[in-house]
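Okay, everyone, let's get going.

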Amino acid sequence: MSKRIAAKHKIDRRLGVNLWGRAKSPLNKREYAPGMHGATRRKKPTDFGIQLFAKQQLKGYYGSISEKQFLRYFKEASRRPGDTSETLVGILEQRLDAVIYRMKFVPTVFAARQFVNHGHILVNGKKVTIPSFLVKEGDVVEVKQASREIPMVIEAATLNERDVPEYLDVDAKAFKGTFVRVPKFAEIPYPVQMQPNLVIEFYSR
């Protein structure tokens with residue numbers, strides 16, 4: 001598991017965007033990269049640099065997925081029929097940690113990964129402890145009864161930073177939701193502009 005819990009906001013500053021649209025992001029006050037040379041003017045990126053940025057941004061948004069795992073998602077998306085970029089983001093949205101983040105059971109994607117790892121989530125009534133587990137259409141995801149009073153869970157339910165998207169059906173009071181369908185790229189509520197087509201170009205070089 002990528003250990004990004006303590007330094008997650010450095011990703012915002014390194015990429016130069018408020019990746020999750022959070023009010024607490026330091027980028028709201030310091031719009032430059034971390035480190036002693038962070039405030040220096042950035043060079044105009046090359047085509048490769050633009051593609052690399054798109055990949056880093058998409059990987060970072062889902063909790064800094066490892067390169068090995070992200071490449072596996074690309075290969076799987078390429079193997080399936082249809083638009084590869086659409087398929088890629090669809091797979092990412094099927095990850096269990098992404099699903100419980102979207103359902104507002106946790107405040108951040110990093111908390112989502114930890115929450116699943118610690119055994120707080122049930123899928124169709126069975127405990128799942130693998131954050132990368134891919135949820136299927138119709139699957140029911142819920143927070144275990146004993147975990148519903150955890151302060152982080154209560155805090156997440158009150159956040160106004162984001163709404164539950166339409167491809168999920170959530171009963172907030174029951175801490176339960178259904179993954180209705182795999183979303184299209186246009187339906188995914190990214191706070192910043194994502195360019196999965198450039199990610200495909202990066203890996204297709």
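**Sheet first, then helices**

So, in β3, Ile121 has Val143 as its bridge partner. This is a predicted model, where local features need pLDDT of at least 70, side-chain atom pairs count only at pLDDT 80 or more, and totals for chains, interfaces and linings use all residues. Residues are numbered from 1 along each chain as its sequence is written, and side-chain values use heavy atoms, with hydrogens and water left out.

Strands β1 (residues 121–123) and β3 (residues 140–143) run antiparallel, joined by 3 bridges. Strands here are DSSP E runs of at least two residues, helices are H or I runs of at least four, and both are numbered from the N terminus. Two strands pair if DSSP finds at least two bridges between them. The whole thing is an open sheet of 5 strands, ordered β2-β1-β3-β5-β4, with antiparallel pairing. At the edges sit β2 (126–127) and β4 (168–171), each pairing on one side only.

Now, helices. The axes of α4 (residues 84–94) and α8 come within 8 Å and cross at roughly 105°; axes are lines fitted to C-alpha atoms, for helices over the stretch in contact, with angles from 0 to 180 degrees between N-to-C directions. So α4 is roughly perpendicular to α8, a label that covers 65 to 115 degrees. Which residues of α4 make the contact? Thr84, Ser85, Leu88 and Val89, against Pro196, Asn197, Val199 and Ile200 of α8, with contact meaning heavy atoms within 4.5 Å.

Technical notes: Parallel < 35°, antiparallel > 145°, perpendicular 65-115°, else oblique.
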